[in-house]
Amino acid sequence: MTTTAIRRLHFWYGICLAILTLVVGILFIAQAADIYYSGLNYSRELVIERCTAIAAPFWIWVAAIVAGGVIWMIYPEAEKKLKRLPD
């Protein structure tokens, strides 16, 4: 792969992971708010029941993080050469 293609791959992976992180975060917040505003007390059973509803997006998010690590191992960023400033 060319350096430009690797940079593009890393850029789009970062964008996709950021969006997926926001979605999973919003889902967790929505579940917590739903439990709070339903008037029920927080209990282990209730939290497990509500979190199983968002288990699929959570595991997809975890898989995306692992995939990112694999991408960075297979296609590392090229080392940047620093320009020497004139004295």
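This is a predicted model: local features need pLDDT of at least 70, side-chain atom pairs count only at pLDDT 80 or more; totals for chains, interfaces and linings use all residues.
Residues are numbered from 1 along each chain as its sequence is written, and side-chain values use heavy atoms, with hydrogens and water left out.

**View 1. Helix α1 against helix α3.** Helix α1 comprises residues 3-37 and helix α3 residues 55-74; helices (H or I, at least four residues) and strands (E, at least two) are DSSP runs, numbered from the N terminus. The axes of α1 and α3 come within 10 Å and cross at roughly 160°. Axes are lines fitted to C-alpha atoms, for helices over the stretch in contact, and angles run from 0 to 180 degrees between N-to-C directions. The pair α1 and α3 is therefore roughly antiparallel (angles under 35 degrees count as roughly parallel, over 145 as roughly antiparallel, 65 to 115 as roughly perpendicular and the rest as oblique). The crossing of α1 and α3 is left-handed, meaning that the near helix is turned anticlockwise from the far one by less than a right angle, whereas clockwise gives a right-handed crossing. On the α1 side, the contact (heavy atoms within 4.5 Å) is made by Leu9, His10, Tyr13, Leu17, Leu20, Thr21, Val24, Leu27 and Phe28. On the α3 side, the contact is made by Pro57, Phe58, Ile60, Trp61, Ala64, Ile65, Gly68, Ile71 and Trp72. By class, the residues of this contact comprise 15 nonpolar, three polar and no charged; Ala, Val, Leu, Ile, Met, Phe, Trp, Tyr, Cys and Pro count as nonpolar, Asp, Glu, Lys and Arg as charged, and the others, Gly among them, as polar.

View 2. His10 belongs to helix α1 and, with 6% relative accessibility, counts as buried (buried means under 20% relative accessible area, exposed over 50%, partly exposed in between, with a 1.4 Å probe and protein chains only). Apart from neighbours within four places in sequence, His10 is in contact with Ile71, Trp72, Tyr75, Pro76 and Glu77. Phe58 is found in helix α3 and counts as partly exposed at 26% relative accessibility. Residues up to four places away in sequence not being counted, Phe58 touches Val24 and Phe28. The C-alpha atoms of Phe58 and Gly25 are separated by 9.2 Å, although these residues are 33 residues apart along the chain.

**View 3. Helix α1 against helix α2.** The axes of α1 and α2 lie 10 Å apart, and the two helices pack at an angle of about 140°; α1 and α2 are therefore oblique to each other. The crossing in which α1 passes α2 is right-handed. From α1, Phe28, Gln31, Asp34 and Ile35 meet Leu46, Val47, Arg50 and Cys51 of α2. The residues of this contact divide into five nonpolar, one polar and two charged. Cys51 is partly exposed, at a relative accessible area of 30%. Between Cys51 and Gln31, 20 residues apart in sequence, the C-alpha to C-alpha distance is 7.3 Å.

View 4. Side chains of opposite charge can pair when their charged atoms come close. The structure holds one salt bridge, defined as a side-chain nitrogen of Lys or Arg within 4 Å of a carboxyl oxygen of Asp or Glu. The side chains of Arg50 and Asp34 form this bridge, with an N to O distance of 2.6 Å. Arg50 lies in helix α2 (residues 44-52) and Asp34 in helix α1, so the pair ties together parts that are 16 residues apart in sequence. Arg50 is buried, with a relative accessible area of 16%, whereas Asp34 counts as partly exposed at 40% relative accessibility. Not counting residues up to four places away in sequence, Arg50 touches Gln31, Asp34, Ile35 and Leu40.

**View 5. The surroundings of Ile35.** Ile35 lies in helix α1 and counts as buried at 3% relative accessibility. Its contacts, leaving aside neighbours within four places in sequence, are Leu40, Tyr42, Leu46, Val47 and Arg50. The C-alpha atoms of Ile35 and Val66 are separated by 31 Å, and the two residues are 31 residues apart along the chain.
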